[in-house]
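Student: I would like to learn how to read a few features of a protein model. Could we begin with helix packing?

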Amino acid sequence: MVSSREIRLKSRPMGTITQDNFEMVAVEVASPAENEVLVKNLWMSIDAGQRTLMAKGETELLNLDLPARWFELGEVMEGQVIGQVIESRNKNLPVGTYIITNRGWREYFTFSGKPDGFTLTVLNDPIAPLTSYLHVMSIYGASAYFHVTACAKVQAGETVWISTAAGTTGSMASQIAKMSGCRVVGTTGHDEKVDWLLQHLKLDAAFNYKRSDLQQAMKAACPDGIDVYIDYAGGRQLEVAIDLMNPHGRIIKVGDTSMYDGGVPTGPSNIFQLVLKRVSILGCSIFDYLAPPSRLATCYKRLGRWVAEGKIVVHETVYDGIENAVQAQIDLFKGKNLGKMLVKLGDPEDLG
Ligand SMILES: NC(=O)c1ccc[n+]([C@@H]2O[C@H](COP(=O)([O-])OP(=O)(O)OC[C@H]3O[C@@H](n4cnc5c(N)ncnc54)[C@H](OP(=O)(O)O)[C@@H]3O)[C@@H](O)[C@H]2O)c1
């Protein structure tokens, strides 16, 4: 038996999320039964997509074949987390094994699940720092990779605009587009992040999307127009992009960060320009790219190599302790993360 704390969804957010939407509860976690393991969670991922799963009733989760489900009231939240097996009665998961599950938002849990790829990944001999498996070597790194290469199919010499460029997925997508020989312009909501995009990620141009003259700034930075816009943000930025797209340009719609946390849904007022300019717009989800395993393995191999070669830089913003997990989620939508937002839940045990 071990004492643990967990975060449960108490009420559905109306508008922006607040601390009152959640409660932290102390529980006792039983020792593992036959075939079970006791896991201590170490690092938890905070991501933008989690917000969409809290808002049942506010938006519709389309009845599509996606491995996502609404968070239910009173239940412990879910999210990607790296844990360490600290007691084992399962020969496949010996003490000391690091595993990735979707059982974040809690400190400890017992587990009997069989490895099934998405809900449990066993990290045999991690080759990179543990936290990498929550960003570059995870579904977010894979998202960035496939958004740029498979969805946008960028070509050397093209001008590519990437919004939410200083966040987890956008920052990696920006660097992959740069490596592909594109001219890359990134947008973010904070001036210090603009500096990071220019100085550390070496983007060709970067802007704060909150500035009132965004359209003029983008136009000046892209004298040959925009060939590809990878849209993580939606809202006003999508509208500006439609205005600036070149004929036959491609818009890749992958996210809507401006809408998730209480943003007022707005459609682009200039959508008819897509017709006039024959611009295509493609919705893209990482869940279409997780199979076959060989393609995903190639993606991770490349991402790992690029990190080792210093071609991909990932910054981590770390909040400490489960008591700060909700604040981390709130602050993600204030843009307080540079790169990946993580919560450190504990240190690995010395199981000697
Ligand atoms: N379709 C797919 O396959 C797929 C896969 C992974 C992720 N995604 C999408 O990628 C996007 C980023 O997700 P992530 O988990 O990597 O999060 P993230 O970029 O690490 O963090 C979210 C960022 O959203 C920005 N933001 C917050 N409020 C905003 C607003 N009102 N308008 C514009 N931007 C705002 C903030 O950056 P600023 O400070 O710059 O505002 C914040 O840092 C999300 O839209 C997510 O759904 C899509």
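Student: How are α2 and α9 oriented to each other?

Tutor: Two packed helices are described by the angle between their axes and by the distance between those axes. In this predicted model, helix α2 (residues 139-151) and helix α9 (residues 293-308) pack at an angle of about 95°, and their axes are 10 Å apart. Angles of 65 to 115 degrees count as roughly perpendicular, and α2 and α9 are therefore roughly perpendicular to each other.

Student: Which residues of α2 and α9 make the contact?

Tutor: On the α2 side they are Ile139, Gly141, Ala142, Tyr145 and Phe146. On the α9 side they are Arg295, Leu296, Cys299, Tyr300, Arg302, Leu303 and Trp306. By class, the contact of α2 with α9 divides into nine nonpolar, one polar and two charged residues.

Student: At what angle do α2 and helix α3 pack?

Tutor: Helix α3 covers residues 168-179, and α2 packs with it at an angle of about 45°, with the axes 8 Å apart. That makes α2 oblique to α3. The crossing of α2 past α3 is right-handed.

Student: Which residues of α2 and α3 meet?

Tutor: Tyr140, Gly141, Ser143, Ala144, Tyr145, His147, Val148 and Thr149 in α2 meet Thr168, Thr169, Met172, Ala173, Ile176 and Ala177 in α3. The contact of α2 with α3 has eight nonpolar, six polar and no charged residues. Gly141 and Tyr145 of α2 are also among the residues in the contact with α9.

Student: How do the axes of α5 and α6 cross?

Tutor: Helix α5 (residues 214-221) and helix α6 (residues 235-244) have axes that come within 10 Å and cross at roughly 45°. That makes α5 oblique to α6. Their crossing is right-handed. Leu214, Gln215, Met218 and Lys219 in α5 meet Arg236, Gln237, Val240, Asp243 and Leu244 in α6. By class, the contact of α5 with α6 has four nonpolar, two polar and three charged residues.

Student: Now the ligand. How many residues surround the ligand, and which are the closest?

Tutor: The ligand is surrounded by 28 residues, the closest being Thr169, Thr188, Lys193, Tyr209 and Asn337. Thr169 is also one of the α3 residues that meet α2.

Student: Which ligand atom is 3.0 Å from an N or O atom in the side chain of His147?

Tutor: An oxygen atom of the ligand is at that distance from the His147 side chain. His147 is also among the α2 residues that meet α3. A backbone N or O atom of Val254 lies 3.0 Å from a nitrogen atom of the ligand. For Asp256, a backbone N or O atom lies 3.3 Å from an oxygen atom of the ligand.

Student: What should I look for in the backbone itself?

Tutor: Most residues other than glycine have a negative phi, and most peptide bonds are trans. Asn35 has a positive phi of about 75° although it is not a glycine. Asn35 lies in the loop between β2 (22-29) and β3 (37-46).

Student: Is the peptide bond from Ala291 to Pro292 cis or trans?

Tutor: The Ala291 to Pro292 bond is cis, with omega near 0°. Pro292 is found in the loop between β13 (280-283) and α9.

Key:
Residues numbered from 1 in each chain as written. Predicted model: local features only at pLDDT ≥ 70, side-chain atom pairs only at ≥ 80, totals over all residues. Heavy atoms only, no water. Axes fitted to C-alpha atoms, helices over the stretch in contact; angles between N-to-C directions. Helix = DSSP H or I, 4+ residues; strand = E, 2+ residues; numbered from the N terminus. Parallel < 35°, antiparallel > 145°, perpendicular 65-115°, else oblique. Left-handed = near helix turned anticlockwise from the far one by under 90°. Contact = heavy atoms within 4.5 Å. Nonpolar A, V, L, I, M, F, W, Y, C, P; charged D, E, K, R; others polar. Near = heavy atom within 4 Å. Polar contact = N/O pair within 3.5 Å; in protein donor to acceptor, adjacent residues only side chain to side chain.
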